Structure formats: C-alpha cells, structure tokens
2 protein chains.
Amino acid sequence: MLKMGKLTDYATVIMNFLAQNPGEVHAASELANVVGISAQTALKVLKTLSKAGLLQSQRGTKGGYQLTRPAQHISMADILQAMEGPIGLTECGSSPGACVRESQCSVKTNWQRISQAVHEALAKVSLADMAAPPSQPIYFVKSAPDLTHAAVSA
Amino acid sequence: MLKMGKLTDYATVIMNFLAQNPGEVHAASELANVVGISAQTALKVLKTLSKAGLLQSQRGTKGGYQLTRPAQHISMADILQAMEGPIGLTECGSSPGACVRESQCSVKTNWQRISQAVHEALAKVSLADMAAPPSQPIYFVKSAPDLTHAAVSA
DNA sequence: TATATAGTGGACTATTATAGTCCCATATAT
DNA sequence: ATATATGGGACTATAATAGTCCACTATATA
C-alpha cells in the first residue's frame with residue numbers, strides 16, 4: 001500500500017484544522033478532540049511538528065499551537081517529511097557504504113530518481129489546497145482513530 | 001520514510017535480475033542466492049509476483065521463473081502494486097463508509113489526487129530503465145538482506 | 001512408470017516497527 | 001503561588017511484516 005503511519009495521518013488532520021483557523025492558538029487537548037485521539041498521542045504528534053518548525057508553540061495557561069507560516073507555504077511533503085523523515089522508498093541512499101558496488105549501482109540512482117518524483121508530487125500540494133474553505137462547517141471523526149485524515153473538512 | 005517493505009525490495013532485485021537474463025528460466029533457489037535470502041522467502045516473493053501475472057512459472061525439473069513480458073513493459077508501479085496492493089498513502093478511498101461526511105470530504109479527494117501522482121511517478125519507470133545493460137557484470141549482495149535492491153546491477 | 005526436482009497454497013511463528021502511554025521538567029498567565 | 005500547558009525522553013503494548021513450515025501438485029528424465 002505504500003502507506004504512511006497513523007501519526008502522520010493525525011498530523012495532516014491537525015494541520016488541516018489549524019489551517020482553517022489561522023492566527024488562533026489551540027491547545028493539544030482541544031486538537032486531540034478534533035482528531036478523536038488521546039491528548040498524549042496528540043502531544044506526541046504536535047511535538048514532532050513543532051520540532052520540525054511547522055508549528056509554533058506557546059507554553060503555560062492559554063498556550064497551544066499555531067502554524068508558523070501561512071497554509072499556502074506548507075506542503076504535504078513538509079508534513080510527511082516532518083513525521084517520517086526524508087522521503088525515500090528505499091534505505092539505499094540514506095545509508096551509504098552499506099551496499100557492495102554502490103558507486104556503480106544504477107538501480108540506486110533510479111530509486112533516488114523515483115523518490116524525487118514522489119517528493120515533487122507531494123511538494124506540489126499545499127496545506128491550503130487540502131483544507132476546505134473556512135466558512136464551511138467542520139466535521140468530526142467517529143471514534144476509530146484510523147481514517148481520521150478524512151474527518152476535518154467539508 | 002514512506003518506505004516499501006523488504007519483500008518488495010527483494011522483488012525488485014529479482015525482477016531486475018530476470019530482466020537482465022531474458023528468455024531464461026531461473027529456479028527459486030538460484031534467485032534466492034542472487035538476492036542473498038532463504039529459498040523459502042524467495043519463494044514467497046515469487047509466488048506473489050506470479051499470481052500478479054508478472055512472472056511465468058514452470059513446474060518440475062528444470063522449472064523456474066521468467067518474466068511474462070519484456071522488461072520495457074513492466075513498470076515499477078506494477079511491481080509495487082503486486083507486492084503491496086493498490087498504491088495509496090491513506091486507507092480512505094479503499095474502505096468507503098468508514099468516515100463521517102465522506103462524500104463532502106475535500107481532503108479525501110486530495111489524497112486520492114496525491115496517490116495518483118505518486119502512482120504515475122512509479123508507472124513512468126520501467127524495469128528496463130532500472131536494469132543495467134546485460135553485457136555488464138552483475139554484482140552480488142553482502143549477507144545483509146536489507147539493502148538488497150541496490151545489489152544486482154552495474 | 002518411479003523418482004527426483006521444482007512450484008502452489010495456506011497456516012503458523014518470530015521479529016520488527018509503530019502507536020500509545022507515562023513521568024518529570026520547564027515555561028507562563030493570572 | 002498555582003494552575004495550565006508544552007518539552008523531552010523512556011517505556012510498553014500492539015500491529016504489521018518477514019520468515020518458516022507443511023502437505024500437495026506438476027513435470028522432466030532415467
């Protein structure tokens with residue numbers, strides 16, 4: 001399936017929600033409710049997004065998270081990369097020296113080329129593209145934490 | 001990382017090897033040696049590729065596997081799909097009805113669009129593109145079954 | 001036609017990766 | 001001060017994947 005992890009899925013829902021409410025600060029517990037997951041898990045995702053520089057955090061009472069830049073300038077590649085590390089279908093390329101005759105390996109070059117193409121496909125789509133117009137209602141998710149990425153939108 | 005499974009990695013190495021030796025029938029045990037994995041595991045991969053119609057099998061003595069069509073007409077998307085099922089980054093789309101307000105969900109549509117783009121990137125690259133010219137030497141892999149995809153080539 | 005070779009199908013187990021939770025520390029508004 | 005909220009890291013549970021095993025079927029050839 002070539003699928004991304006659940007946490008990445010949560011991340012896209014959270015980012016989507018924040019994109020729909022620009023300039024506002026939202027606490028982890030609130031965002032957890034939006035996605036339908038525990039506060040702890042939401043925190044884990046938020047920390048990761050924060051460290052990657054996609055979210056700005058504010059501590060203390062009335063603290064929370066907001067996007068560091070407009071949704072137009074955040075791509076799905078940014079989010080994927082923040083959650084799962086550099087985009088690449090194979091290990092080869094990330095861990096040099098692990099493979100015999102690496103330098104002459106045409107397969108490696110081609111995998112890198114493919115990964116690059118995938119990256120570009122993801123970079124083309126911005127968070128703003130994904131998000132619905134803010135005027136429309138926001139729909140919440142059932143309890144199942146699985147298919148949440150489809151939840152916040154209209 | 002958005003990475004594919006190990007078995008898919010093995011599959012690409014095997015397919016690559018077979019592409020370099022067109023018209024020849026190779027037994028599972030031989031292919032296992034090429035990749036550096038057990039015959040059982042190789043068999044598992046080969047069965048999957050066979051069921052997907054990418055490989056033609058021949059039973060009995062002197063039996064084995066070969067490509068069903070020229071390497072130019074087998075894409076990396078074909079192999080990925082054979083090994084991991086339909087290409088898609090999210091579940092949503094595959095399991096309809098799982099998400100509230102599914103029909104109005106713009107996120108879903110966009111994920112499908114992204115998955116489609118990824119699919120196209122993979123479909124563009126043929127097995128022939130990946131394989132080195134047959135005249136050049138073939139390099140074998142170390143013992144580590146991890147980074148094998150980079151092994152067979154030149 | 002007996003036998004050795006090689007693939008088929010399915011089930012099972014081990015391993016690994018992921019997701020989820022918990023704890024203690026730090027920051028900040030009131 | 002204190003309640004609220006994030007930061008960082010470690011730990012555990014769960015799920016997905018990889019790997020193995022078994023009984024069966026097909027086929028070349030001696």
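A residue is near a molecule or strand if its C-beta atom, placed from the backbone, lies within 6 Å of it.

This is a predicted model, in which local features need pLDDT of at least 70 and side-chain atom pairs count only at pLDDT 80 or more, while totals for chains, interfaces and linings use all residues. Residues are numbered from 1 along each chain as its sequence is written, and chains are lettered from A, ligands numbered from 1, in the order in which they are written.

**View 1. The surface near DNA strand D.** Among the 26 residues around DNA strand D, those that come nearest are A:Ser57, B:Gly5, B:Lys6, B:Ser38 and B:Gly60. Two or more residues each come from helix H3 (39-51) and strand E2 (64-67) of chain A, and from helices H1 (6-20) and H3 (39-51) of chain B. Helices (H or I, at least four residues) and strands (E, at least two) are DSSP runs, numbered from the N terminus. With four residues, H3(A) gives the most.

**View 2. The buried side of helix H2 of chain B.** Look here for B:Ala28, B:Leu31, B:Ala32, B:Val34 and B:Val35, the buried residues of H2(B), residues 28-35 (buried: 20 or more other C-beta atoms within 10 Å of the residue's own, C-beta atoms being placed from the backbone). They sit on the same side of H2(B) because they cover an arc of only 160° around the axis, taken from the directions from the helix axis to the C-beta atoms. After H2(B) comes B:Gly36, with a positive phi near 90°.

**View 3. Confidence along chain A.** The pLDDT, the predictor's confidence in each residue from 0 to 100, averages 81 in chain A, and 75% of the residues score at least 70.

Terms used: A residue is buried if 20 or more other C-beta atoms lie within 10 Å of its own, exposed if 12 or fewer, and partly exposed in between; C-beta atoms are placed from the backbone.
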